[in-house]
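Before reading on, please look through the chain and its fold as displayed here.

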Amino acid sequence: MSRSDRRDFLKQAGQGALAAGIGLGLPEAVTAAEAKPATAAAAKETRQPWPYPVNYGKENIVEADVLILGGGVAGSHAAITAAKQGVKVVVMEKGAAIRSGCGGGGVDHWHGVFTHPTSKVTPDEMMETIHRLGYKYIFQEYGNGITNYILFNESYPALCDVESWGVNIRDTKDEFKGAEFRDEQTKLLFTYDYDGKHIVRVKGGTDIKLAYYNEMKKQGVKIYDRIMATSLLTEDGKQGGRVIGATGLHTRTGEFYIFKAKSTIISTSGPDGLWFYSAELRGASTHACPNSSGDAVSLAWRAGAELTMLERSPMMSTGGFEYPLYGYGNANNTWYPCNMVDSNGKEIPWVDRDGKPLETFSQRNHTAPGQKLFWAGGRSAREIAGPSLIPDLSERIAKGEYSLPLYADLAGVPPVERRAIWALMVYHESKGRIIYETYQKAGFDPDKDMLQQPLSQGMGPRQWRGGFVGAGVMFDWDMKSSLEGLYVAGEANYAGGDHAVAATTGRYTGRTSSRYARTAKLLPVNRAQIEAEKARIYAPVSHSEGIGWNELRAGLARIMQDYCTETKTETVMNMGLYWLKSIKEQEAAQVCARNPHELWRTVECFSRIDTCEVIFHSSLSRKASCRAINFVRADYPQDDPKEWQKLVVLKQVNGEMQIGEKPLDYFLQAPYASTYAENYRKHSGLSSQAAQLGSKEVESHV
Ligand SMILES: Cc1cc2nc3c(=O)[nH]c(=O)nc-3n(C[C@H](O)[C@H](O)[C@H](O)COP(=O)(O)OP(=O)(O)OC[C@H]3O[C@@H](n4cnc5c(N)ncnc54)[C@H](O)[C@@H]3O)c2cc1C
């Protein structure tokens, strides 16, 4: 295919979608302005002067004991914990750590608190339940026992950490006194399961990143904002060698950073927005942080670390086609268990785990007789299943028993519960605060008004795949990757997680990485590796003509939409790999950046190309369908056959891909001990008992 044909292909990537009336692909603004050849003359006509001094290639050298890539929830918690161990900690953050990342807007529910004073279930009992029920289908399908065990042991202490840094986690002003979800002893407010009490409503969650930021400063952590990690540095520059630091690109000045470190933590979150791209549609509909470009996968892949579960194929739940999450009528997640009514005001009934109708609102938050706890939402085994709206609602709508549209009837909810859903949960649920404030300003009154559930909800193109949690860097009981000196925390780990998983794995790697740093030396960087990286990332500014990053990203999304879809086959995926190679060798090699902003967005596209490549290879390697991870292969239709119940593990050795495998419970097999408690004792730097104490007590155990 000729170069001009390829250009047409990229254009179609946008225009085809627009023609189809779904508005995805290249936004008009991009085709009109950005896609123009970026000649110096054209640029002169349209551009505002760049407001920062530009020094492409200028080197800055920073040294650290522990280097943290990504100052989100996990990175910040890791930084503070490591600094408290007495090592020199540096954070490299692509945005501004004070508000960056998915948790930048806040957190309303904090999961897995099994060690607070009134908890009825211990972490070990919870792990035992997971194993008995088949843990691979609970929490995160094909998930990981290490992160679960860390979560259950350290979630409450991590919450106490953030409390000690200034986040209000309790109802200290007694605003919810007497509410069923308030624990009188601890003044903690719980959500979903008022008996099991394992998820806390964080009363002051909206400013959690501010608290992290201030504490990092207090602990002497050096924060380098607006620097994108572009590569890992390895001993002697060899792929697969010990990681000895990372390179960074300043997103405003274009300067080059060399970070030398004894140990390095990747906490740059998971990839998002690989299947769709539109500058117009994303906005508030973007669920994850827009800086989540999958750099963890790319950084680890190029350095030779093992990756796994990239074939996971999540459904598209957000991404420009839907109303902003938390901003429409529903009864799940943040809005659990809101009343739902039909268009005639008829209430939709709730049932218990066995389908028995529930008479009162309160019953929606309580366990069934004899049940210790329930897990709200999603697929759960009966032992931990919770109340829900009638499961046959769609059929009953089709028969005419209920008429569309449905509405969330906040006004019909008991006042204290209404306040908890709207003013506590929605307000603190990260970007939910925007919804809260915008709706209130527009006159929405939760005491009177209902909120419609849009009929189109959940109707993004189903063949496209969605936000990516639960795929990435492989790790051991130190949360160390397969490379010496490289650790992983938060959603960059292959098992994904949530806010509490990010905080607890950050806390954990803060300890394990600093333990390693205390025994390791700073090594000299390899000059050839530095020069190769500079050549790679600065190439786009040396081009005076070519497509821009918007077009490149839209073209990549089109490849994923067309060749890595809901149902996969070997032939189709190989076509996708062909196109990826083509775009990498042609358009990406010619892409043009006119300023540091365009440059880092372009380098993100390079990361995305790597991530897409690994996704294709992982998907080709799993030769069986696995509906639990939404992975459907038309050429291997058998669902989850026993011989494929394993992790497919990929890495690069001398630039060549190697495919391996690991058992799903590799973390309980040799060389590890056969129990969680024993592994935790050996690796965590804490005994389980010490881990379960609040932050002050834990410090005295370290
Ligand atoms: C709207 C919303 C609401 C949510 N609500 C909840 C909730 O109530 N409860 C809950 O448990 N979970 C919630 N989550 C999920 C939770 O926020 C995430 O699980 C958590 O933030 C993950 O932490 P992390 O540190 O892995 O990633 P992040 O917090 O996203 O941090 C990653 C950081 O890495 C930076 N970065 C990325 N690439 C690079 C690079 N190359 N170089 C340097 N820095 C880089 C990013 O800028 C970011 O600061 C919510 C998420 C969203 C989006």
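A residue counts as buried if 20 or more other C-beta atoms lie within 10 Å of its own, as exposed if 12 or fewer do, and as partly exposed in between. Asn333, with 17 other C-beta atoms within 10 Å, is therefore partly exposed. Its place in this predicted model is the loop between β9 (307-308) and β10 (340-341), and its phi is near 50°, a positive value in a residue other than glycine. Asn654 also has a phi near 50°, again positive in a residue other than glycine, and it lies in the loop between β19 (646-653) and β20. With 9 other C-beta atoms within 10 Å, however, Asn654 is exposed.

Taken as a whole, the protein chain holds 20 helices and 20 strands, and buried residues make up 52% of its 702 residues. Of the contacts in the chain with a separation of 6 or more, 75% are accounted for by residues 24 or more positions apart.

Two pairs of helices show how the elements pack. Helix α14 (residues 549-563) and helix α17 (residues 596-621) have axes that come within 9 Å and cross at roughly 15°, which means that α14 is roughly parallel to α17. This crossing of α14 and α17 is left-handed. On the α14 side the contact is made by Trp549, Leu552, Arg553, Leu556, Ile559 and Met560, and on the α17 side by Glu598, Arg601, Thr602, Cys605, Arg608, Ile609 and Cys612.

The crossing of α4 and α7 is left-handed, and the contact is formed by Ser76, Ala79 and Ile80 of α4 together with Tyr212, Glu215 and Met216 of α7. Four nonpolar residues, one polar and one charged make up the contact of α4 with α7.

Helix α8 (residues 295-303) is mostly covered, with nine of its nine residues buried, and Gly304, which follows α8, has a positive phi near 100°. In helix α18 (residues 676-683) the buried residues are Tyr676, Tyr680 and His683. These residues cover an arc of only 80° around the axis, and therefore lie on the same side of α18. An α-helix has 3.6 residues a turn, so residues three or four places apart point the same way. After α18 comes Gly685, whose phi is positive, near 80°.

The loop between β20 (656-663) and α18 contains Pro671, and the peptide bond from Ala670 to Pro671 is cis, with omega near 10°. A cis peptide bond also runs from Leu404 to Pro405, with omega near -5°, and Pro405 lies in the loop between α9 (393-398) and β13 (407-408).

Leaving aside neighbours within four places in sequence, Phe190 is in contact with Phe181, Asp183, Lys197, Ile199, Val200 and Arg201. Phe190 and His109 are 81 residues apart in sequence, with a C-alpha to C-alpha distance of 8.5 Å in space.

Conventions. Residues numbered from 1 in each chain as written. Predicted model: local features only at pLDDT ≥ 70, side-chain atom pairs only at ≥ 80, totals over all residues. Axes fitted to C-alpha atoms, helices over the stretch in contact; angles between N-to-C directions. Helix = DSSP H or I, 4+ residues; strand = E, 2+ residues; numbered from the N terminus. Parallel < 35°, antiparallel > 145°, perpendicular 65-115°, else oblique. Left-handed = near helix turned anticlockwise from the far one by under 90°. Contact = placed C-beta atoms within 7 Å. Arc of directions from axis to C-beta. Nonpolar A, V, L, I, M, F, W, Y, C, P; charged D, E, K, R; others polar.
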